[in-house]
Amino acid sequence: MTGVHSLLPAGQPGLLVSPVFGAEPYRGVEDLARYLAAGGYAPLTARDRFLDLIAAVGLRGRGGAGFPAAVKLRAVRDAPGRPVVVANGEEGEPGSVKDRWLLRHRPHLILDGLRLAAAMTGAEHGVVYLSDPRAEQAVRHALAERPAGPRVVVVRTDQAYVAGEETAVVRRIEGGPALPTAKPPRPFEAGVGGAPTLVANVETLARIAVMHACPDVAPALAGAHLVTVSGPGGSAAALIEVPAGTHLKVPADLCGHGMAEAVLLGGMFGGLYGPGWTDLPLDHDALKAAGRALGCGALHFLRPGDCPVALATEATAYLKAQSARQCGVCVSGTGALAGTLAALARGETGAGPTQQLRRWSRQLPGRGACGLLDAAARIVATLLTHFPDRLDAHRGSGCPDCTDEAPDDGRRFAVPVP
Ligand code: SF4
């Protein structure tokens with residue numbers, strides 16, 4: 001299966017197969033007339049009650065961290081100063097397409113979510129932050145035809161792994177480079193121009209807009225996730241909406257990856273998993289409790305026979321190349337993880353470096369200003385845990401799948417937008 005699909009239960013009167021994707025999978029851009037006909041841009045008459053609904057259904061942010069959306073909204077609303085709201089559509093993970101798909105095809109849904117976030121926080125100024133030219137075109141067109149609302153500007157950045165991190169977003173909007181800064185303060189305390197700033201992923205805003213139009217389905221919408229499913233070389237790529245708690249086996253089977261040997265979870269943020277991956281639930285809390293992470297929900301499957309060491313080597317080489325090189329521990333740590341793993345993949349080392357990798361993968365997480373170093377450490381840690389035999393097989397003779405120089409441009413993970 002390729003393309004765009006939802007696995008949410010259908011059939012109730014008034015419940016679309018997927019209100020997030022729309023009544024039909026849009027090939028073009030949803031225009032204002034269609035969006036209004038679906039109940040969009042309705043006035044927000046009871047902002048606190050709507051915020052309570054978002055809290056009650058437990059909506060989590062969809063940028064990767066899974067932070068409760070209502071807590072963030074309330075923190076921005078209650079902080080001193082006039083808030084700013086940002087729709088963050090820069091998905092730095094090369095294996096994720098959900099944010100670009102939403103911006104390209106349903107820009108009014110995102111602008112409506114931003115309008116509601118502004119109303120709930122008291123913001124008069126909004127920003128749509130993105131890197132995709134087609135998404136920018138769709139958003140600018142929608143801005144020109146939308147009903148009156150808060151002042152919204154579009155800020156474009158270059159696509160990069162760290163460009164969507166919330167402090168990088170603020171820095172770029174202020175005219176600087178899209179690179180993370182040290183925290184605190186977090187943007188909800190002091191963001192754009194020092195104002196309390198809500199940086200919300202576009203899928204989060206899409207779910208808020210749909211909940212406003214269809215409050216009856218809010219619980220189902222809050223628990224559902226958009227996942228990008230891909231295989232080697234972007235093969236069989238699909239964007240799928242899965243209900244809460246769906247096991248990985250379901251989207252994998254649908255997309256022809258049911259026999260995969262392993263999966264890279266959460267873009268590059270969630271780590272690499274081998275036997276038993278089929279039973280992992282697509283749920284932030286369950287994965288976190290198991291020391292794993294859902295991240296942005298991108299799932300990259302390995303074919304049987306593909307080398308997980310080669311995949312981990314390419315992923316860490318990409319992360320090393322994407323390091324913003326502003327935290328010493330990231331420059332040396334990501335470099336050491338990638339370099340040592342590459343040497344091991346080529347069969348150049350004995351057992352000692354494996355122990356080093358194990359030690360670094362425990363010591364490095366949490367020490368950079370953003371999650372890039374954590375992602376590299378988690379990939380190495382999970383490779384060591386789940387594929388010790390494959391690593392052993394590389395010692396001495398190396399592996400034909402592990403090339404001399406692992407590409408560092410992320411091309412293996414890149415997925416076209418369906
Ligand atoms: S951890 Fe790495 S990528 Fe993140 S801000 Fe520091 S140097 Fe940049």
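Modeller: This is a predicted model.

Colleague: What does the C-alpha trace span along its principal axes?

Modeller: About 70 × 45 × 35 Å.

Colleague: How many helices and strands?

Modeller: The protein chain has 16 helices and ten strands.

Colleague: And what share of the residues is buried?

Modeller: Of the 418 residues, 57% are buried. As for the contacts with a separation of 6 or more, 73% are between residues 24 or more positions apart.

Colleague: What about the surface, how much of it belongs to carbon and sulfur?

Modeller: The accessible surface is about 16100 Å², and carbon and sulfur atoms hold 53% of that.

Colleague: Charges next. How many positive and negative, and how far apart are their mean positions?

Modeller: There are 41 positive and 39 negative charges, with mean positions 3 Å apart.

Colleague: Let's pick a helix. Which residues of α3 are buried?

Modeller: Helix α3 covers residues 69-78, and its buried residues are A69, A70, L73 and V76. Viewed down the axis of α3, these buried residues fall within an arc of 130 degrees, so they line one face of the helix.

Colleague: Switching to the backbone. Where are the cis peptide bonds you flagged?

Modeller: One runs from K183 to P184, with omega near -5 degrees. Another runs from P184 to P185, with omega near 5 degrees. P184 is in the loop between α7 (166-173) and β5, and P185 is in the loop between α7 and β5 as well.

Colleague: Which residues other than glycine have positive phi?

Modeller: Y41 is one of them, with phi near 60 degrees. R325 also has a positive phi, about 55 degrees.

Colleague: Where does Y41 sit, and is it buried or exposed?

Modeller: Y41 is in the loop between α1 (32-37) and α2. Its relative accessibility is 13%, and the cut-off for buried is under 20%, so Y41 counts as buried.

Colleague: R325, buried or exposed?

Modeller: R325 is exposed, because its relative accessible area of 55% is over the 50% cut-off. R325 lies in the loop between α12 (308-322) and α13 (328-345).

Conventions. Residues are numbered from 1 along each chain as its sequence is written. This is a predicted model: local features need pLDDT of at least 70, side-chain atom pairs count only at pLDDT 80 or more; totals for chains, interfaces and linings use all residues. Side-chain values use heavy atoms; hydrogens and water are left out. Helices (H or I, at least four residues) and strands (E, at least two) are DSSP runs, numbered from the N terminus. Buried means under 20% relative accessible area, exposed over 50%, partly exposed in between (1.4 Å probe, protein chains only). Contact means heavy atoms within 4.5 Å. Accessible areas come from the Shrake-Rupley method with a 1.4 Å probe; for residues, only the protein chains shown count as cover. Lys and Arg count as positive and Asp and Glu as negative; His and the chain ends are not counted. The place of a charge is taken as NZ of Lys, CZ of Arg, CG of Asp or CD of Glu. The arc is that of the directions from the helix axis to the C-beta atoms.
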